[in-house]
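Me: I would like to go through the labels attached to a model and ask, for each one, what value stands behind it. Please set each value against its cut-off before drawing a conclusion.

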Amino acid sequence: MSSLVGFLCLVFAVGINIFLIFSKYLLKLKIVSFNILIRLSCILTLASFLSLIYAYLVSDFSNFNVFQNSHSDKPLIYKISGTWGNHEGSMLLWVSILSIYAFFFSFTKKIDLNLKKLTLLIQSFLHISFSLFIIFTSNPFLINSVIVHEGLGLNPILQDPGLAIHPPILYAGYVGYSIVFSLAVASLMHESNDLEWLSIAKKWSLISWTFLTGGIALGSYWAYYELGWGGWWFWDPVENISLMPWITGLALVHSLLLVKGQQILKKWIIFLSILCFSLSIFGTFLVRSGILTSVHSFAADASRGLFILLIFFIITGFSLVVFLLKFPDNNKPVKFLFINKVSALIINNILMIIATLTILLGTIYPIIIEVLTNNRISVGGPYFNSTVIPIMIPGFLLMSIAPVLSWQTNKIKNSYYYIICFILISVIILIQSYLTEFNSWGVIGLILGVWIIIASISAIILSYKLKLNFKFLQNINPHLAHIGVGIAIIGITCSSVFQKEYDYNLNTGDNFIVNEINVVLDKIETKNEKNFQALRANFLIQEENSFKNVKSGKNYYPVSKMITSEAGILHQWDRDIYFILGDQKDEKWFVKVYVNPFVSLIWLGIIIMICCGFIGVIRK
């Protein structure tokens with residue numbers, strides 16, 4: 001019954017959006033009626049999604065999607081997350097979030113009503129496109145042709161609390177760019193000189209970027225403690241796909257800052273708005289088509305991929321045609337001086353787009369080669385580390401000084417102070433690198449991270465009077481976000497460049513030394529959980545007359561007959577000691593240990609950036 005309700009709700013929601021598009025030209029609906037229908041469409045779409053969740057909660061195996069991705073013994077959280085832990089359910093989540101964004105945008109005030117109508121109409125078109133994709137190729141409400149009493153279970157890799165909430169947050173970032181896209185295209189079609197929409201676009205782009213940051217961070221942290229390879233970023237194709245709209249979205253947010261300086265790059269802002277959402281759709285195509293090999297990819301059905309590729313070409317092609325035909329020519333003059341805030345933002349934007357294109361090339365190049373030659377090649381970390389990172393470094397340096405630059409002149413406030421600080425930081429770290437075995441990338445990363453933090457703190461001290469109120473927090477918010485970036489860069493540098501790796505073959509009771517810390521393989525035990533069997537090694541760590549226990553091992557899921565690794569991590573403020581239990585051979589267990597210095601700074605820096613993102617949203 002819930003499957004039928006869910007399907008009908010989705011069909012009715014599509015019908016409402018089709019009616020809205022035709023009503024634009026036939027009935028001339030007033031904005032009040034328009035808003036009501038958009039909200040009704042959202043309610044129906046959410047009812048459809050909640051119907052699918054209900055089918056999972058009650059283990060309704062008459063639903064084919066539930067049968068394929070759930071099991072009656074699964075914990076409640078994984079029954080719920082199983083809803084979007086598959087291709088069909090995740091696409092319904094995509095459309096649900098799309099309708100939620102349209103719902104909240106319908107309450108927007110201080111905007112031209114015709115522009116608002118056009119924006120919501122474009123959202124309706126997007127809703128129709130993806131809903132028809134679900135109905136005809138990826139229907140999560142199909143009924144089993146035979147009676148079944150048990151399901152096949154959710155992919156064990158996805159049975160993790162972090163990954164349970166990762167997709168909704170990531171999709172909130174991806175789909176959020178649909179509003180920015182719709183606003184930009186609507187502004188072209190409306191041909192109005194009213195630039196109020198740029199302030200509205202700034203808030204929505206910041207919301208999208210913040211959610212996307214949180215989603216990427218959750219995925220990285222999940223990979224860090226779940227996949228058992230000791231790192232947090234692997235340049236996996238699906239990771240790259242999420243990174244591209246993130247970088248482009250960051251360029252868009254910075255471009256919208258030019259509005260504050262009364263120098264508007266309207267053409268560039270509209271292009272970036274189109275690019276952000278187009279990259280999100282293109283990423284969806286790559287993941288859903290099955291042409292990528294990744295732990296994150298869902299579908300392996302070429303027809304689904306072709307459908308999404310068609311949607312991508314229609315949406316992107318239409319928007320670019322509108323952009324070319326109605327090319328905005330009302331830009332305010334831009335004072336592009338040798339070194340002012342405008343030039344820094346523009347150069348930073350260009351570097352970000354080059355980095356995005358570099359990632360795109362490395363991601364799709366193996367696909368192109370395979371199609372042309374039928375030979376599969378891989379492009380991994382060495383390519384991205386040697387191309388993307390050098391491109392981004394100058395952008396980060398510009399970011400550190402941009403807040404103290406002037407909009408109108410070449411002058412830098414307190415320039416001597418910044419030059420002296422930068423030289424001192426460079427000399428100290430270079431001396432340290434000479435006296436120790438520092439990697440050259442480590443030197444660059446640490447100089448960059450420390451410089452960004454020092455420059456941002458200096459800008460706060462020199463530009464603002466200390467006041468303990470929310471207004472002061474809003475004023476220094478961009479500087480705080482840059483401090484978060486600097487902290488994250490230090491964490492990325494230290495955990496990547498200075499990581500240490502150790503291999504051991506141990507019997508139970510053996511001890512070993514890791515970074516002058518005594519560790520004992522205390523015992524190996526097995527335990528039956530609700531839906532899996534756990535094998536755990538208990539590592540007893542002695543440090544400064546105190547003992548700590550860290551458990552690492554494997555989980556065996558009998559329903560899917562899969563084994564997953566479970567890393568054991570001792571979190572300390574200056575490092576993580578990371579344990580992986582391997583296989584047993586000749587009565588000895590293989591144990592791999594990583595020491596990741598200052599990896600916690602990555603998560604701290606990201607948390608600061610996310611908080612600053614939400615503060616920026618509510619800033620007037």
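Predicted model: local features only at pLDDT ≥ 70, side-chain atom pairs only at ≥ 80, totals over all residues.

Me: What makes the relation between helix α8 and helix α18 roughly antiparallel?

Reply: The axes of helix α8 (residues 196-226) and helix α18 (residues 600-618) come within 9 Å of each other and cross at roughly 160°. Angles over 145 degrees count as roughly antiparallel, so α8 is roughly antiparallel to α18. The crossing of these two helices, α8 and α18, is left-handed.

Me: How do you know that helix α7 is roughly antiparallel to α8?

Reply: Helix α7, which spans residues 161-190, has an axis that comes within 8 Å of the axis of α8, and the two cross at roughly 155°. The cut-off is again over 145 degrees, and therefore α7 is roughly antiparallel to α8. Where α7 passes α8, the crossing is left-handed.

Me: Why is the contact between Lys 551 and Glu 525 called a salt bridge?

Reply: The N to O distance between the side chains of Lys 551 and Glu 525 is 3.4 Å. A salt bridge requires a side-chain nitrogen of Lys or Arg within 4 Å of a carboxyl oxygen of Asp or Glu, so the contact between Lys 551 and Glu 525 qualifies as a salt bridge. Lys 551 belongs to strand β5 (residues 546-557) and Glu 525 to strand β3 (residues 517-528), so this pair ties together parts that are 26 residues apart in sequence. Glu 525 also forms a salt bridge with Lys 523, where the closest N and O atoms are 4.0 Å apart.

Me: Are the residues Lys 523, Glu 525 and Lys 551 buried, exposed or partly exposed?

Reply: Buried means under 20% relative accessible area and exposed means over 50%, with partly exposed in between. Lys 523 has 37% and is therefore partly exposed; Glu 525, at 32%, counts as partly exposed; and Lys 551, with 42%, is partly exposed too.

Me: What makes the salt bridge of Lys 554 a link between separate parts of the sequence, and which residue is its partner?

Reply: Lys 554 pairs with Asp 583, the closest N and O atoms being 3.9 Å apart. Lys 554 lies in strand β5 whereas Asp 583 lies in strand β8 (residues 575-585), so the pair ties together parts that are 29 residues apart in sequence. Lys 554 has a relative accessible area of 18%, which is under 20%, and so counts as buried, while Asp 583, with 59%, is over 50% and therefore counts as exposed.

Me: How many salt bridges does the structure hold, and which residues are linked in a network?

Reply: The structure holds six salt bridges. Glu 501, Asp 503 and Lys 592 are linked in a network of them. As a general point, side chains of opposite charge can pair when their charged atoms come close.

Me: What makes the phi values of Asn 515 and Glu 516 worth a remark?

Reply: Most residues other than glycine have a negative phi. Asn 515, however, has a positive phi of about 50° although it is not a glycine, and Glu 516 has a positive phi near 65°. Asn 515 is in the loop between β2 (511-514) and β3, and Glu 516 lies in the loop between β2 and β3 as well. At 24% relative accessibility, Asn 515 falls between 20% and 50% and so counts as partly exposed, whereas Glu 516, with 79%, is over 50% and therefore exposed.

Definitions and conventions
Residues numbered from 1 in each chain as written. Heavy atoms only, no water. Axes fitted to C-alpha atoms, helices over the stretch in contact; angles between N-to-C directions. Helix = DSSP H or I, 4+ residues; strand = E, 2+ residues; numbered from the N terminus. Parallel < 35°, antiparallel > 145°, perpendicular 65-115°, else oblique. Left-handed = near helix turned anticlockwise from the far one by under 90°. Buried < 20%, exposed > 50% of the residue type's maximum accessible area, 1.4 Å probe, protein only.
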